[in-house]
Amino acid sequence: MNVVKIITTLFLISIGCEQVSAQGMLYYQEAKTFEFGPRVGFTTSILSVDDDSILGKSKIRFSYVIGLFGRYQLNERWSLQGDVVYASRGGNFKNSEEVELNYIDIPITVVYNVRFKIKEKPFTFDVFAGIQPSFLSKAKMAGVEVTDSFEKTGIDLVFGSGFPIWRFLFYS
């Protein structure tokens with residue numbers, strides 16, 4: 001089964017499991033509550049090498065992210081969110097070499113919910129920041145396993161924003 005079919009299936013399952021709020025398109029999680037759900041998405045990555053004469057110039061690689069998230073709403077505006085996701089990254093090079101790097105990422109973020117009105121209609125979006133430990137699970141280059149050639153762990157700073165529509169969160 002290919003990645004697009006898996007992501008489409010998970011998306012349709014999550015739609016079926018969600019309940020549309022009677023308040024319309026805005027969703028607010030109650031204070032002192034915990035919620036969890038699937039996390040699916042797309043990612044882009046690009047690799048650079050010191051000597052590009054061997055592999056050629058690198059190009060962007062588009063791939064997927066799939067996992068679970070949990071979110072604890074501290075109060076009306078602040079929450080803590082943790083995720084466990086499988087992320088496929090890597091890069092493509094002009095001479096057709098493809099580097100595939102698969103990671104288990106565990107982002108832990110603090111989320112602030114911004115609320116305001118536009119033309120008397122309520123609007124909300126989140127801003128978040130945190131850390132993301134990453135663990136390399138597999139590395140391939142041109143189809144050959146090369147996991148020992150890469151760092152096994154890393155830690156990243158993450159930040160971004162997003163908005164809820166019904167009970168779906170769209171983050172960047």
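Analyst: In what follows, buried means under 20% relative accessible area, exposed means over 50%, and partly exposed means in between, computed with a 1.4 Å probe and protein chains only. This is a predicted model, in which local features need pLDDT of at least 70 and side-chain atom pairs count only at pLDDT 80 or more, while totals for chains, interfaces and linings use all residues. Residues are numbered from 1 along each chain as its sequence is written, and side-chain values use heavy atoms, with hydrogens and water left out.

User: Does Asp 148 count as buried or exposed?
Analyst: Asp 148 is the partner of Lys 152 in a salt bridge, with the closest N and O atoms 3.6 Å apart; a salt bridge is a side-chain nitrogen of Lys or Arg within 4 Å of a carboxyl oxygen of Asp or Glu. Lys 152 is partly exposed, having a relative accessible area of 37%. Asp 148 has a relative accessibility of 71%, and therefore counts as exposed.

User: How many residues apart in sequence are the parts that the pair of Arg 115 and Glu 76 ties together?
Analyst: The side chains of Arg 115 and Glu 76 meet in a salt bridge of 3.6 Å, N to O. Arg 115 belongs to strand S6, whereas Glu 76 sits in the loop between strand S3 (61-73) and strand S4 (78-93), so the parts tied together are separated in sequence by 39 residues. Strands here are DSSP runs (E, at least two residues), numbered from the N terminus. The separation asked for is thus 39 residues.

User: Which residues are linked with Glu 76 in a network of salt bridges?
Analyst: Glu 76 touches Ala 31 and Arg 115, not counting residues up to four places away in sequence, where contact means heavy atoms within 4.5 Å. The network of salt bridges links Glu 76 with Arg 77 and Arg 115.

User: Where do Arg 89 and Asp 105 lie?
Analyst: Arg 89 forms a salt bridge with Asp 105, the closest N and O atoms being 2.2 Å apart. Both of these residues, Arg 89 and Asp 105, are buried. Arg 89 lies in strand S4, and Asp 105 lies in strand S5.

User: What joins the side chains of Asn 113 and Thr 124?
Analyst: Asn 113 lies in strand S6, which covers residues 108-118, and its relative accessibility of 8% is why it counts as buried. A polar contact is a pair of N or O atoms within 3.5 Å; within protein, one must be able to donate a hydrogen and the other to accept it, and residues adjacent in sequence count only if both atoms are side-chain atoms. The side chains of Asn 113 and Thr 124 are joined by a polar contact of 2.6 Å.

Terms used: Helices (H or I, at least four residues) and strands (E, at least two) are DSSP runs, numbered from the N terminus.
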